[in-house]
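The following exercises are to be worked through with the sequence and the structure at hand. Each task is followed by a solution in steps.

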Amino acid sequence: MWVSTTGGKVVAWAAVAFFVGIAVPAKAQTLDQALSAAYRNNPTLNSQRAATRATDEYVPIALAGYRPQVFGSAYVGAQWAETRLDSGYAALQGSSSLSVAKTYPTGVGITISQTIYDGLRTANSVRSAESQVRGQRELLRNTEQLVLLDAATAYMNVLQNAALVELQKQNLEALREELRAARDRFSVGEITRTDVAQAEASVANAQSELALAESNLNTANAVFYQVIGLRPAKLSPGRPIDRLLPKSEKLAVESGLTRHPAVKSAEFAVDAGLSNVKVAEAALSPTLTLNGSASSDYNSSLSVSRQTSAAATLNLSVPIYQGGSEYATIRQAKETLGQLRIEVDVNREQVRANVVQYWGSLEAAKAAIESAQAAVAANEIALRGVREEWRVGQRTTLDVLNAQTALFDARASLVIAQRDRVVASYAVLSASGNLSAVKLGLKVPVYNPQVHYNQVRDAWIGVRTPGGQ
């Protein structure tokens with residue numbers, strides 16, 4: 001049993017498994033183990049990691065603008081030429097009027113082009129790519145938060161539904177006992193057939209509710225496997241993570257506005273958009289390139305067996321008018337930048353709303369636990385009293401059934417409140433932008449996107465990924 005202090009009162013955290021009387025085995029799955037498995041196995045998270053690695057390649061693509069471009073060429077062929085001279089002229093020259101020439105020209109060449117100035121297009125393209133990489137890392141961090149929150153929710157849903165199934169079984173058994181007692185008393189004429197019918201109806205309803213609870217448990221198990229990648233078996237009680245939460249709602253909001261990956265990603269998108277505007281404006285700037293070429297040609301004619309040439313030129317290209325597309329591209333980039341700036345405000349307000357919502361849910365769950373614990377204690381006393389009064393004829397069978405139902409509802413409310421308490425604590429940590437494997441202290445190798453970035457940033461050649469593909 002986990003104990004926390006809230007508002008000066010000691011509140012006993014009766015975990016769901018303990019609450020329904022299930023013995024927790026020595027080697028049970030823990031919530032931290034489930035979160036670690038989700039961190040390793042979740043396909044959504046692994047997909048986002050692959051997307052992050054793909055985004056890393058935008059930087060070497062942009063850096064290619066600083067590097068020379070080298071092209072090689074070669075050719076081989078056959079050339080045939082027939083020349084027919086005027087017969088009189090041929091006679092004067094003492095040569096044949098018909099001559100045939102066959103040559104087999106071949107050649108090789110190389111061309112090198114190096115951009116010296118491109119209106120800072122390359123520099124701004126690199127800045128844009130780096131901002132995209134940082135933004136993608138924040139999207140990865142956001143996905144990590146969502147996956148860990150989904151995993152915690154799936155874990156607690158299995159615990160909750162397993163507890164509700166156990167409660168339904170206990171409730172059904174209690175109602176069956178009430179039905180047996182009612183039939184015994186009916187057989188001796190102490191109660192009417194109506195009392196027996198009411199007990200029978202309660203048993204039938206409890207059987208239906210048990211079937212529904214088992215169906216919900218099966219659904220929760222399926223979601224658990226989908227999110228975490230493991231089959232749920234022998235789960236130990238979950239507990240809230242209040243020690244990791246901000247001390248107040250105000251601090252949680254401030255943390256979310258400054259640290260939440262959705263906000264950070266939007267801010268990096270603005271940086272990329274600003275660089276993209278400058279890239280578009282570079283289309284109006286002159287371009288200076290240094291070009292060099294060298295070639296060797298063989299047997300290009302009957303009189304030439306080899307010809308070698310080399311050249312180096314400095315080329316300046318000044319755009320004057322390109323149909324107007326460059327101006328439209330610049331205007332489009334500026335409007336996109338304006339949209340991205342608005343998206344930052346949208347994400348901030350969404351984060352603020354989420355923090356307030358989940359903080360309220362956390363406080364409500366704490367209050368619900370105290371209320372449900374009091375209700376359970378009171379309903380247990382009430383049920384015992386009603387049963388005693390029923391035995392001496394001061395209460396009807398319906399009174400006993402209602403008291404049993406009230407106790408079941410109170411126990412179910414306690415189970416649900418305990419689940420909500422844990423999930424809300426993870427939701428608050430996520431909304432404030434701090435839910436991560438590192439923050440939770442999970443015993444799992446932490447994925448570091450910087451490693452892949454360093455491996456590919458300055459790679460000049462090679463088609464194999466660092467992962468070996």
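This is a predicted model: local features need pLDDT of at least 70, side-chain atom pairs count only at pLDDT 80 or more; totals for chains, interfaces and linings use all residues.

**Exercise 1.** Classify the aromatic pair formed by Tyr155 and Phe224, and state where its two members lie.

*Solution.* Step 1: a pair of aromatic rings is described by the distance of the centres and the angle of the planes. Step 2: the count of aromatic pairs comes to one. In this pair, Tyr155 and Phe224 are 6.2 Å apart, centre to centre, with 35 degrees between the planes. Step 3: planes under 30 degrees apart count as stacked and those over 60 as edge-to-face, so the angle of 35 degrees makes this pair tilted. Step 4: Tyr155 belongs to helix H6 (residues 121-187) and Phe224 to helix H7 (residues 193-228); the pair thus links distant parts of the chain, 69 residues apart. Step 5: Tyr155 is buried because its relative accessibility is 0%, and Phe224 is buried too, with a relative accessible area of 1%.

**Exercise 2.** Describe the largest nonpolar core and the surroundings of Tyr155.

*Solution.* Step 1: the largest nonpolar core has 59 residues. Leu35, Tyr155, Ile228, Tyr426 and Leu440 have the most contacts inside this core. Step 2: the elements that give two or more residues to the core are H2, H6, H7, H8, H10, H11 and H12. H6 supplies the largest share, 15 residues. Step 3: when neighbours within four places in sequence are left aside, Tyr155 is in contact with Gln29, Thr30, Leu31, Ala34, Phe224, Leu235, Ser236 and Gly238. Step 4: there is also a second, separate core of twelve residues, which includes Val400, Leu407, Ala410 and Ala417.

**Exercise 3.** Is Lys234 buried or exposed, and where does this residue lie?

*Solution.* Step 1: Lys234 is placed in the loop between H7 and H8. Step 2: the relative accessible area of Lys234 is 60%; the cut-off for an exposed residue is over 50%, so Lys234 is exposed. Step 3: Lys234 is not a glycine, and its phi has a positive value near 55 degrees. Step 4: Lys234 and Ala28 are 206 residues apart in sequence, with their C-alpha atoms 5.0 Å apart in space.

**Exercise 4.** Which ring face does Arg231 lie over, and which one does Arg137 lie over?

*Solution.* Step 1: Arg231 lies over the face of Tyr225, at 3.9 Å from the ring centre. Step 2: Arg137 lies over the face of Tyr453, at 5.2 Å from the ring centre.

Definitions and conventions. Residues are numbered from 1 along each chain as its sequence is written. Side-chain values use heavy atoms; hydrogens and water are left out. Rings of Phe, Tyr and Trp (its six-membered ring) pair if their centres lie within 6.5 Å; planes under 30 degrees apart count as stacked, over 60 as edge-to-face and the rest as tilted. Helices (H or I, at least four residues) and strands (E, at least two) are DSSP runs, numbered from the N terminus. Buried means under 20% relative accessible area, exposed over 50%, partly exposed in between (1.4 Å probe, protein chains only). A charge sits over a ring if NZ of Lys or CZ of Arg is within 6 Å of the ring centre and within 35 degrees of the ring normal. A nonpolar core is a set of buried Ala, Val, Leu, Ile, Met, Phe, Trp, Tyr and Cys residues joined through side-chain atoms within 4.5 Å. Contact means heavy atoms within 4.5 Å.
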